[in-house]
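Please look over the chains shown here before reading on, and keep the sequence at hand while following the explanation.

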Amino acid sequence: MHPALAVIFLTLFSGGGFGLMALVATVNDLQIDGGLNPLQTLVAVLLSLLLVTIGMLSSTAHLANPRNAWRAFTRWRTSWLAREGVVAVLFYPFAIAYLVWVHFTDAPTAPAGLALASLAGGLGLVTIFCQGMIYATLRTIRQWNTALVPVNFYAMGLASGATFLALIRMALGGKATFLAGLAMALIIAVAVLKGIYYFWIGRPSGPTIHTATGFNRSRVRLLDQGHTFGTFLTQEFGHRLPREQALGMKTVMYVLAVVIPLATLAVAVEDTSALAALVAAVSVISGIGVERWLFFVEAQHVVNLYHGRQRC
Amino acid sequence: MRLGLVIDLDTCVGCHACAVACKEWNTSGTTAPLTDYNPYGAEPSGVWFNRIRHYEIGEYPYNKTVNFPMSCMHCENAECVTVCPTGASYKRSEDGIVLVDQSKCMGCNYCSWACPYGARELDRVSGTMKKCTLCIDRIYDMEIPEEERQPACVLTCPAHARMFGDFDDQESAVSRAVRERGGYQLMPELNYDPSNHYLPPRVHAPIPVDSLRKKATAKLKEWVNRVVER
Amino acid sequence: MATVMEFEDHGRQEIKYSTCYMCACRCGIKVTVEDNRVRFIQGNRDHPINQGVLCAKGSAGIMKQYSPAKLRNPLRRKPGTERGAGEFEEISWTEALDMLTDRLARIRATDPDKLAFFTGRDQMQALTGLWAQQFGTLNWSAHGGFCSVNMATAGLYMLGHAFWEFGDPDWDRTKYFMLWGVAEDHSSNPMKIGLEKLKRRGGKFVGINPARTGYQAIADEWVPIRPGTDGMLALSMVHVLLQNELFDWEFLLRYTNAPFLVVHRPGEKGDGLVWRDSEGHPMVWDLEKEMFVNGMEPGAKAALFGEFRTPDGQNVRTVMSILTERYLDGRYSPENASRITGVPAETIERLALEIAHVAFRETITVDVEWTDWAGRQHDRFVGHPVSMHAMRGISAHSNGMQAARAIHLLQVLLGTIDCPGGFRAKAPYPRPVPPPNRPAQHSSPNTPLKSLPLGFPTAPEDLVIDENGQPKRIDKAYSWEAPIANHGLMHMVITNAVNKDPYGIDTLIFFMANMSWNSTMNTANVQEMLRAREEDGGYKIPFLVVVDAFHSEMVHFADLVLPDTTYLERYDAISLLDRPISEPDAICDSIRHPVLKPDRNVRPWQDVMVELAGRLKFPAFVQENGEPRFSGYKDFITNFERAPGIGFLAGWRGADGKSHLRGEPNPAQWDRYIENQGFFQYHLPESMRYYRFANREYLELAQRVGFNPTADPIVIELYSETLQRFRLAGMGLYDGPQPKDPVDRERLATYFDPLPDYYEPLEQQRIDKKEYPFYAVNQRPMMMYHSWDSQNAWLRQILAQNYLYMNRARGEQMGIQDLGWVWVESHNGRIRVQVKLIEGCQEDTVWTWNAIGKQSGAWGLKPDAAEATRGFLMNHLISELLPPKQGERRLTNSDPITGQAAWYDLMVRITPAGPGEEGVWPTFPTMKPLPGMEPSPDVLRYHTHKPVNLKS
């Protein structure tokens with residue numbers, strides 16, 4: 001699949017934003033590590049909104065005809081994309097209300113506030129699920145058509161959210177041993193889940209050039225694709241990553257999304273270094289960016305079978 | 001009704017007539033125009049609803065070339081419609097034709113991702129997704145002579161390798177062709193239940209020749225003239 | 001169903017019927033026009049040729065009409081600029097035609113042969129030929145000499161009809177169809193329609209072709225063959241048939257010259273000629289009367305085999321005896337043929353037996369009463385339902401004439417000529433073998449030629465040579481070098497004119513022919529020749545006029561450019577006097593008429609020709625008072641009569657429009673054609689549909705309407721006396737003109753075999769096959785066949801770059817990678833191209849799509865168009881001359897009989913390009929845009945009205 005930055009940024013940033021909001025709600029709700037103080041809460045919710053907004057705006061850049069973007073909310077009964085839009089939009093009033101509440105009351109853990117936070121966080125989690133399902137329901141792309149996709153999205157949204165939260169807490173002078181630990185745990189979960197995913201997509205399955213053409217008994221080769229140069233189909237679906245390059249990118253991804261964040265978070269906790277936490281946050285979001293790029297580039301749409309691939 | 005096409009791979013010579021007739025009709029059709037990019041430039045490209053691919057089956061000298069036209073299959077389980085967030089993509093209940101309402105499409109490409117058959121192409125200039133309409137603006141237009149109320153591709157196909165009809169009608173030409181010739185769907189494992197079917201190449205029975213061989217090699221001198229009147 | 005909705009407004013649209021001209025197929029089209037723009041071009045359902053269907057080219061006609069490469073004004077090369085520099089200025093039609101008239105009048109008054117007029121892909125040779133005849137120049141032909149003259153000549157000298165456009169398989173009845181060397185064809189849509197019919201009926205389709213593309217894709221059996229060896233394959237099948245006594249005795253005895261007696265007198269004059277009585281009748285041995293009788297006497301019971309001694313002491317043998325002795329020889333055995341053709345011996349034998357099985361064990365009949373040439377009634381037509389078609393792959397070799405004859409021989413042995421299920425003739429064919437018109441031989445100032453410049457020689461006396469035996473035509477057609485060059489040798493014109501061999505010319509007019517690019521051999525050198533100057537600074541070809549509708553590579557070299565209209569903007573007559581569009585069951589012709597108004601200062605070349613003919617006062621084109629006789633092309637077509645009652649259009653003749661085929665001119669004839677959707681068809685009664693070479697009713701009709709001079713039966717000539725006469729001339733045994741040059745003598749003696757035979761193509765005889773091991777051929781893709789339109793915005797999306805296609809296993813063995821770059825070298829040059837490895841390619845063969853490569857800047861394409869930067873021409877490798885040989889003048893690289901350009905005789909060597917060697921080579925400088933040309937658009941959104949959107 002064509003790795004359109006607009007779409008990569010959507011799930012990358014909004015995933016982090018929703019994860020962050022969900023964690024703010026959880027931490028304040030359960031008073032984990034003493035909960036967040038009003039300032040930490042304000043900054044965290046603001047950052048969450050900022051990330052979600054970057055993601056959402058970025059996604060409209062992907063639309064060829066954004067004039068009609070408003071219509072994207074109409075088919076929520078059937079379309080995960082519409083559901084995502086609806087839920088993401090619903091997220092805003094609650095998140096903003098919580099922000100306003102905290103700003104005026106300084107009581108982030110008051111029941112009314114917590115209700116707003118929980119609703120916003122919950123909607124954020126639902127949005128992440130919708131985002132995952134946008135991909136996971138596509139039978140045309142074997143690498144996406146799996147429950148591992150929403151699970152991965154959760155792990156990554158929460159891991160980046162947790163890292164951001166730890167950073168915020170530390171930057172604002174708080175101790176973040178638990179939050180950093182949570183982030184590290186989530187990052188390890190990301191590493192494990194992504195490992196499972198990569199193992200899973202490595203196994204051949206699904207349609208082949210034989211089932212695509214109906215010629216099952218002999219070797220089928222493309223003689224001519226019927227157009228000398230690219231078409232929408234080759235531009236949108238034709239991307240391919242050579243195995244070595246994929247391995248290289250995955251290494252980069254693991255270093256950025258797992259190794260560096262784990263190390264810097266450990267340092268951050270050890271030295272109470274907000275700078276280290278910042279490095280962790282930047283690294284984790286970059287790593288997940290690489291992961292999201294790979295997620296697209298490695299996705300092999302079955303239409304490629306018609307352009308000569310033996311399997312996808 | 002379940003309208004769709006049957007493609008006869010036994011007779012398709014790969015001439016691209018259907019693809020160009022489609023382009024020609026539809027560039028002034030209901031989703032017109034079908035934009036062309038760099039039409040006279042280095043790498044010409046454009047929006048087409050019907051593309052012909054060519055495959056080689058088997059290896060020399062036992063290879064066969066198969067020409068393979070593909071357009072929207074008007075699937076029963078049209079995921080492209082399910083996934084469309086705006087409602088621009090829809091499947092008509094009365095005849096099963098899958099269409100894109102150009103006034104609603106926001107150009108998110110999601111429907112094209114859901115289509116296994118590469119039937120949808122984004123028009124970068126209008127920003128909307130376009131696809132085969134089964135020439136809905138021909139087949140129902142009462143001002144077009146009745147025998148021409150067919151998709152442009154079917155109307156033009158010189159090898160009559162394309163048939164148009166109703167798969168719900170067991171006695172329609174398309175249903176019969178599928179029944180009699182072992183017509184099949186592409187990538188059935190995806191369970192899209194495409195309406196369009198493909199007829200496999202016919203297998204020609206061997207022609208008996210053994211009895212024609214003379215036992216002894218003929219010698220000119222041995223032939224007896226036959227009496228035939230000029 | 002009326003759930004839908006709103007449709008486009010047909011009230012603003014107009015339907016017009018005309019004839020397609022995107023290739024030579026000439027399908028009927030139904031054009032929907034909206035505000036003088038084309039909404040839709042579709043096939044005309046009522047049209048006899050395409051019956052409603054239309055190919056990709058036909059539908060892409062819209063993009064031809066709106067091509068940015070359209071010429072807009074007459075152009076003159078800017079005075080003082082170099083030819084081929086692309087510097088032009090616009091001039092008016094008056095200036096252009098005054099300039100041309102002055103020049104042509106001077107030539108016509110002094111030496112008319114100084115004008116050479118050659119035409120490319122036109123379909124109006126009856127008019128251009130008449131024009132040349134009236135001008136008085138011998139130097140006219142169309143492009144058949146580099147197209148497929150071998151096919152026409154082989155058929156017309158043997159059957160009376162031919163492949164190409166002169167015959168068709170009986171698609172409704174044939175059960176076995178063998179296609180030789182055809183990927184796509186002139187008869188493009190009819191063949192597709194027919195193949196589907198054949199396959200639906202369960203018939204078998206065998207494709208004999210080095211490449212499995214085009215029609216071969218759907219062949220039930222593909223026979224990959226080495227290019228240029230088809231003649232051997234056919235003759236080996238003849239061998240198998242004879243060996244198993246599988247031939248149609250009755251057919252051979254009744255309708256062919258198989259029982260004719262041939263004089264056997266080796267080394268003496270008259271050897272190999274048919275033994276005739278004093279009145280010239282061919283003699284046969286009557287088995288019942290046990291005596292020699294006139295073979296044309298009805299009821300003669302001729303011996304098919306036998307050697308006899310005539311009363312005057314001559315040894316004679318039947319044609320069939322000679323033929324059988326020849327082909328039973330082990331040289332034609334499947335085993336030996338296999339070594340030459342690359343086709344396994346078992347396959348050759350099986351294919352021969354298969355066609356025999358279908359011909360003789362699956363015989364069909366059509367129960368219709370008919371009368372044969374001798375007046376005998378028959379109650380049915382017997383059919384041997386095997387049919388064949390062959391075209392360029394057979395034709396474009398220097399042994400193509402004989403190869404095509406070999407295929408015809410196979411057809412005749414099976415009795416499949418013009419019978420139900422067989423290979424049927426299309427009116428005005430069959431014609432006598434060969435047709436009775438001879439080429440004009442003499443020209444003189446201000447005088448029309450006595451006959452058309454092209455005709456059908458039957459003996460050395462018919463050649464167009466001077467008293468020294470030197471060619472009189474610039475292309476050397478009808479000279480000893482190409483005696484039966486019935487379509488001329490357009491591919492030699494530039495070379496010969498520049499070399500002044502046989503003489504220099506003054507003015508060269510090319511119409512619709514891209515002779516500086518894809519339609520010439522040796523492209524780069526030909527471009528040099530077009531620029532070549534004399535020592536005094538003048539050009540070796542002093543004046544070059546190019547007539548075209550588009551900015552082609554040839555236009556670039558013109559001194560004067562006359563811009564033509566497109567096919568949707570003019571009148572045209574697709575005449576029975578020209579290249580027939582008839583179907584086997586109907587005599588047909590058709591017209592074009594303007595469906596759009598031109599938006600530029602262009603004129604149809606036909607109109608311009610008629611005007612020039614009037615200005616130059618051609619006798620047939622002026623009245624007694626010297627005023628032009630015709631107001632234009634339309635008027636000319638209505639009123640011109642070639643013979644009383646016979647004009648260009650056969651339908652609705654007579655003052656009342658009620659006479660068909662023959663009748664007085666009808667002033668309203670064009671209107672009748674337009675009313676009848678642009679075509680005319682005269683359905684033949686069932687009794688006239690088969691065996692027309694011997695069908696009295698048909699032969700009488702053909703005589704009445706002027707197709708043939710007499711109603712005599714047409715005897716199929718398995719054995720060609722014409723060829724034998726030339727051969728005798730080569731052997732010094734002919735009472736008449738004989739060549740002096742030993743080279744000519746040897747060529748005549750070797751290749752003018754009265755029986756079809758196989759010989760190695762001439763160029764290949766001179767090439768070291770170890771050095772150049774690959775056969776290299778080219779073909780046109782279906783969506784572009786016979787259509788130059790690489791500028792077509794839709795078609796070029798399908799194909800804008802060609803590759804060198806090569807057998808995968810063979811390529812891999814040689815270390816050549818898919819999509820790698822290679823050098824391809826021939827004796828004439830080298831090119832660097834990209835390879836594509838495929839299965840469907842005979843292992844000793846490489847091929848490419850022709851005419852995809854374009855010169856940068858041509859055809860309205862941007863200079864960086866893929867056609868110019870990645871596409872290539874194989875033409876650079878092909879020489880128009882044979883490799884030189886000691887003691888021999890340079891000879892044309894053509895069939896020694898017909899002068900057919902031997903494009904496909906090329907042998908090449910393939911070597912992987914070195915590291916960093918990428919991109920096509922050679923490349924050519926970018927052509928300048930013409931004055932007044934608008935830049936080609938970057939985005940195209942063609943439509944004729946605002947779309948009626950359907951709401952969900």
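This is a predicted model: local features need pLDDT of at least 70, side-chain atom pairs count only at pLDDT 80 or more; totals for chains, interfaces and linings use all residues.

Once the neighbours within four places in sequence are left aside, A:Ala166 is in contact with A:Ala176, A:Leu179, A:Ala180, A:Ala183, A:Leu265 and A:Ala277. As a general background, nonpolar side chains tend to be buried together in soluble globular proteins.

Strand β1 of chain A, residues 220-224, is mostly covered, with four of its five residues buried. This strand of chain A pairs in the antiparallel sense with strand β4 of chain B, residues 51-57, over four bridges, and within that pairing A:Arg221 has B:Glu56 as its bridge partner. Chain B also pairs with chain C, where two bridges join strand β2 of chain B (residues 36-37) to strand β35 of chain C (residues 939-940) in an antiparallel arrangement; here the bridge partner of B:Asp36 is C:Leu940. The side of chain C that touches chain B divides by class into 52 nonpolar, 29 polar and 25 charged residues. For the side of chain A that touches chain C, the division is two nonpolar, three polar and one charged.

Within chain B, B:Val6 lies in strand β1, residues 3-8. Apart from neighbours within four places in sequence, B:Val6 is in contact with B:Met163, B:Val174, B:Ala177, B:Val178, B:Gly183, B:His197 and B:Leu199. B:Val6 and B:Asp95, which are 89 residues apart in sequence, are 16 Å apart in space from C-alpha to C-alpha.

Chain C is divided into domain 1 (157-428), domain 2 (721-754) and domain 3 (762-912). The centres of domain 1 and domain 3 of chain C, taken over C-alpha atoms, are separated by 32 Å, and 22 residues of domain 1 are in contact with 28 residues of domain 3. On the side of domain 1 that touches domain 3, helices α12 (392-395) and α13 (400-413) of chain C each supply at least two residues, and that side has eight nonpolar, 11 polar and three charged residues.

Helix α20 of chain C, residues 721-731, is mostly covered, since 11 of its 11 residues are buried; among them are the charged residues C:Glu721, C:Arg725 and C:Arg727. What covers the buried residues of this helix includes α21 (742-751) of chain C. Just after α20 of chain C, C:Gly732 takes a positive phi of about 75°.

Chain C also holds an open sheet of three strands in the order β1-β2-β3, with antiparallel pairing. Strands β1 (13-19) and β3 (37-43) of chain C stand at the edges with a single partner strand each, so one side of each has no neighbour in the sheet. The twist from one strand to the next averages 25°. Strand β2 (residues 28-34) of chain C is joined to β3 by six bridges, and C:Ile29 stands opposite C:Gly43 in β3 of chain C.

A cis peptide bond with omega of about 0° joins B:Tyr60 and B:Pro61, and B:Pro61 lies in the loop between β4 and β5 (64-70) of chain B. Another cis peptide bond, with omega of about 10°, joins C:Ala427 and C:Pro428. C:Pro428 lies in the loop between β22 (423-425) and α14 (493-498) of chain C, and C:Asn446 has its place in the loop between β22 and α14 of chain C. C:Asn446 has a positive phi of about 50° although it is not a glycine, and counts as partly exposed with 15 C-beta neighbours inside 10 Å. In chain A, phi of A:Asp33 is near 55°, a positive value in a residue other than glycine. A:Asp33 is found in the loop between α1 (5-30) and α2 (38-61) of chain A, and with 18 C-beta neighbours inside 10 Å A:Asp33 counts as partly exposed.

Notes: Residues are numbered from 1 along each chain as its sequence is written. Chains are lettered from A and ligands numbered from 1 in the order in which they are written. Two residues are in contact if their C-beta atoms, placed from the backbone, lie within 7 Å. A residue is buried if 20 or more other C-beta atoms lie within 10 Å of its own, exposed if 12 or fewer, and partly exposed in between; C-beta atoms are placed from the backbone. Two strands pair if DSSP finds at least two bridges between them. Domain bounds come from an automatic or database domain assignment. Axes are lines fitted to C-alpha atoms, for helices over the stretch in contact, and angles run from 0 to 180 degrees between N-to-C directions.
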